[in-house]
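Here are my notes on this model, point by point. Please read them with the structure open.

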Amino acid sequence: MAKAIHIYFWKRESFLRLVLCVISGILLQFYFGFNKETIFAAAAFSGFLFIIFRLLPESQRFKFPHLQGIFLSSLLVILAMFLTWNKDARHHTNWYGNYTNDSSFLVVTLKEPLVEKENSLKAVCNVESVINDNIVKMVKGKMILYLAKDSLSKSLLFGDRIIMKNKLQSIKNSGNPAAFNYEQYLAFQQIYFQAYLQKNDWNLLKEKEKYGLQNILYKSRDFVLKTLDQYIVGENESSLAKALLVGYRVDLDKDLVQAYSNAGVVHLIAISGLHLALIYALLLFVVMRIPFLKKNKVARLLVILICLWFFALLTGASASVLRAAVMFSFISIGSIFNKTSSVYNSMSVSAFLLLCFNPLLLFDVGFQLSYCAVFGIVLLYKYINAWFYFKNKILNYAWGLASVSIAAQVFTIPLCFYYFHQLPLLFLLANLIAIPLSTLALWGCITLLVLSPIPIIAVYVGKIITVLLWLMNHTVLLISDWSFTLWKNVSLSKSHTLLLYVIFIGFIFWLIRKNRIAFKISLLGSFLFAGLVTHRKWNLYQQKQMVVYNVPKHSAIDFFQRNNYFFVGEKNVSGKESFINFHLKPARISFFANYPTKDFSLLNSPNIFQFYDSRIIIIDTFIRYSPLSSKIKIDYLVLSKNSKVKIENINAVFDCKCIIADGTNALWKIDQWKKECKDLHLRFHSVSEQGAFVTNL
């Protein structure tokens, strides 16, 4: 019986098999990086075997019924590998990086409106052409452009074209342990270079690139932002409305974003499938009350699809929004023909189409969280909702909402630990309050846009929205301030995360189907997970490490002993939460060092440190050294703040394993020290160029 159900499931959910093949191909290509020739050879070999199999007599093919499926699946895997290879812009002959040199000029177009940063203006640009010795080569590719602030740069608009000197710099990570992989994040968007331009490094061209749809989208977004700013009172409320409706988060207060994350409702200010579901529900409500659209199915479908996709594009077309847009599109089309399909098939079709369009979406955090959440809802909602039944409609609705939240959260827990190192424990309470408020606020914002030509009414609508958003903000802030809101500082590797999914899926399948094999798999996964955790604990017991961080213009060193850390650096930044969260906290979490301590096997006096058997000296000022008859043995010497010392003089006094230049030093000074160390055959490490210095002590 179980086998029959298994076979029936796989036959019915045909697209689930296809999307698994596509995912396998993407992962193979991403982790092994096969070249084009190898991929084509594999495709030719698989195709040849498939043709040979089809030419066999039917009686022979009947003996091996699964071979045809295996050959077709392998071809789909290989196709996914090729799509992944082809998505990399560097493999294209017209990629601009293949034609630039130090004397090149580039013509670029602003792909989006400029975003104002603290010291510059930033935009993603399309590179149109590269000019070498007056020869113009038409190219393609994207880059990030930073412009010094002045009257001309501030006047630039979306679609403006400029000619610039080649100031391209490769995008690199900080190299700090467990830090956000910014280089890979941009590589998934096919961005590999950035440029910082001063006023004399570029000129504005008269011709302006014309983007029809994008121009409409940006003008529409500007209208939305201005309308919300005009009628919604309060800076936090206005910025929240913009994030809620179109995903514009530039004005959002960082502390407020952190509070939403801590409370487990950050999905409300990051446009997701929930927003599109609310838009879809509102569209259905409206079109079914318009006589012409109610009677004309095709017209109704067109209106819904146009509005859905316009909203998806307006909000930036994130992975989760695209997933929802594709799914609701299929639901809408199916309703026209009175067809209902399996939810698993609908999910698989949307994933299949999105991954064929852009295979690298598979590595997008939003894509992963979105599908895991929907999978959890589809699989678990009806079982969780059946736990309780309330005769009171309000209580029953609240429990239904809670059931959705619990089901969605179950399959996102491992990803939350892996990517964010924390889990909101009060997500249920926060969602029960915030989702109804955000739903009313979202529909209110749309109503405000419709009624904005009538200022008298729009003012009152804006006040109602302001009250709703104020209430939501203060509720979230209150919940996030409770000490037991978060389970935090959790570090999981990829193997830990995969094992958690094996445990979760096996245990849930055992509960639902009473399948003993699933229970055994879950139990085995639990033992393996416990073994990995025990191994980590043993390594933690022996941990003694030093990290010299790569932090621009700042000195920052951590000493780790078991689960404690001792910070050495600038006192004015060590207490700044934003500084710690971005630069130091990821490393501390990865080393399981959750507790600062002053009771350390570490003596400082004031720039000389003894950590167990290792000696470390920090030089951050001018010191005159006289040669000694017998050198002082030290392990590491850290040069900081462009200290006016010569390596030759240091070498005459200290016998040192490695000299380290931290992030406070200028590049010209680092180059000078590097050359001196090379001449004296000394080991030298620059954190600005090589990333953080990490060593066991």
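1. A charge sits over a ring if NZ of Lys or CZ of Arg is within 6 Å of the ring centre and within 35 degrees of the ring normal. Lys87 has its charged end over the ring of Phe357, 5.7 Å from the centre. Lys544 does likewise with Tyr612, at 5.0 Å from the ring centre.

2. The model is predicted: local features need pLDDT of at least 70 and side-chain atom pairs pLDDT 80 or more, while totals for chains, interfaces and linings use all residues. Numbering starts from 1 along each chain as its sequence is written, and side-chain values use heavy atoms, without hydrogens and water.

3. Aromatic pairs come to 33. The rule takes rings of Phe, Tyr and Trp (its six-membered ring) with centres within 6.5 Å; planes under 30 degrees apart are stacked, over 60 edge-to-face, and the rest tilted. Phe560 and Phe591 form a tilted pair, with 4.8 Å between centres and 40° between planes. Phe560 belongs to strand S13 (residues 556-561) and Phe591 to the loop between helix H24 (577-590) and strand S15 (595-596), so the pair ties together parts 31 residues apart in sequence. Helices (H or I, at least four residues) and strands (E, at least two) are DSSP runs, numbered from the N terminus. Both Phe560 and Phe591 are buried. Buried is under 20% relative accessible area, exposed over 50%, partly exposed in between (1.4 Å probe, protein chains only).

4. Ring pairs also link Phe30, Tyr31, Phe188 and Phe363 into a cluster.

5. How do the axes of H9 and H19 cross? Helix H9 (residues 235-246) and helix H19 (residues 427-451) have axes that come within 10 Å and cross at roughly 90°. That makes H9 roughly perpendicular to H19; the term covers 65 to 115 degrees. Axes are lines fitted to C-alpha atoms over the stretch in contact, with angles from 0 to 180 degrees between N-to-C directions. From H9, Ala241, Leu244 and Leu245 meet residues of H19 including Leu442 and Ile446. Contact means heavy atoms within 4.5 Å.

6. Most residues other than glycine have a negative phi. Lys514 has a positive phi of about 55°. Lys514 lies in the loop between helix H21 (494-513) and helix H22 (516-541), and is exposed at 60% relative accessible area. Asn642 has a positive phi near 55°. Asn642 sits between strand S19 (632-639) and helix H25 (647-653), in the loop, and is partly exposed at 28%.

How values were computed. Angles under 35 degrees count as roughly parallel, over 145 as roughly antiparallel, 65 to 115 as roughly perpendicular and the rest as oblique.
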